[in-house]
Amino acid sequence: MGSIIEVFPGKRGAGRRQQRAAAAWRSAPVPGSGAVRVRAAKLEDYAAIRALQRLSQPGMPEWTLKQFESHRSAFPEGQLVAVTEGEVVGAASSLVVQWDEYALDHTWRSVTGDGFFTTHDTAGRTLYGTDVVVDISRRGAGIARALYQAQRRLCRKLNLRRIISATRLAGYHAASAEMTPETYAQRVIWGDIQDASLRFPMSQGFQFCGIIRGYLPEDRESEGNAALVVWLNPLYSPTEPPANAATERPRKCA
């Protein structure tokens with residue numbers, strides 16, 4: 001399996017730098033198997049990704065094959081899988097958007113083009129993370145961390161201003177009779193409530209920005225709510241266009 005360096009190759013003569021970067025993007029070995037590596041998703045990965053979604057997010061809508069093909073057509077760089085010894089153990093998907101068009105009143109359907117990524121805009125400045133799933137039997141093995149690292153690397157590579165994601169509040173349903181989703185998120189951030197779906201992005205340098213109500217009604221555990229989180233690219237240069245906007249026009253994919 002290829003390393004993250006092979007997914008996003010650098011210039012020739014940068015061998016040592018690439019080796020150091022490759023080491024940085026690999027997590028600790030999964031018990032009983034090899035190191036976790038991140039690469040671009042392939043069509044043949046679809047069944048494994050769908051199985052991960054089904055097991056890690058029961059009751060949530062899974063990507064259809066047509067949606068998955070549309071993601072890869074619109075923005076192949078943003079569709080990633082984590083692999084160990086030939087087995088797909090995690091996946092992440094993203095697209096680029098003009099964030100001013102969405103802000104806090106958007107929904108999953110509006111920002112993703114009903115799940116087909118027809119909203120992907122190469123002139124945008126925001127990498128929008130739509131989904132991260134991990135093999136639940138391997139949690140704690142660094143899989144999600146490797147996927148988040150790969151998305152940050154992609155954000156820097158494309159000279160995007162930030163990564164934004166709407167994170168589930170997986171434990172909110174049990175507390176909804178006692179508090180609002182805003183209060184629930186605050187208590188998770190303060191450490192009073194354990195909810196890894198929100199705590200993990202915070203551990204990866206994301207900042208909590210607010211609650212989006214009605215983001216995904218099918219998410220019963222979150223009661224349709226999501227927490228908006230953002231990571232700011234410290235290397236972003238506002239005087240330069242996004243790296244993928246110079247040679248491409250916005251693509252609309254069916």
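## Confidence of the model

pLDDT is the predictor's confidence in each residue, on a scale from 0 to 100. In this predicted model, the protein chain has a mean pLDDT of 85, and 82% of its residues reach 70 or more. Residues are numbered from 1 along each chain as its sequence is written. Local features need pLDDT of at least 70 and side-chain atom pairs count only at pLDDT 80 or more, while totals for chains, interfaces and linings use all residues, and side-chain values rest on heavy atoms, with hydrogens and water left out.

Over residues 1-32 pLDDT stays under 50, and the model has 53 contacts (heavy atoms within 4.5 Å) for them beyond four places in sequence. Where pLDDT is low, the predicted coordinates should not be read in detail.

## Helices α8 and α9

Helix α8 (residues 181-190) and helix α9 (residues 196-203), where helices are DSSP runs of H or I with at least four residues, have axes, lines fitted to C-alpha atoms over the stretch in contact, that come within 10 Å and cross at roughly 55 degrees. The contact is made by Ala185, Val188 and Ile189 of α8 together with Leu198, Arg199 and Met202 of α9. By class, these residues are five nonpolar, no polar and one charged.

## An aromatic pair

Seven aromatic pairs, with ring centres within 6.5 Å, are found in the whole structure. Among them, Trp99 and Tyr128 are stacked (planes under 30 degrees apart), at 6.2 Å centre to centre and 25 degrees between the planes. Trp99 lies in the loop between β3 (87-97) and α5 (108-112) and Tyr128 in strand β4 (residues 126-134), so the pair ties together parts that are 29 residues apart in sequence; strands are DSSP runs of E with at least two residues.

Technical notes. Axes fitted to C-alpha atoms, helices over the stretch in contact; angles between N-to-C directions. Nonpolar A, V, L, I, M, F, W, Y, C, P; charged D, E, K, R; others polar. Phe/Tyr/Trp six-rings, centres within 6.5 Å; stacked < 30°, edge-to-face > 60°.
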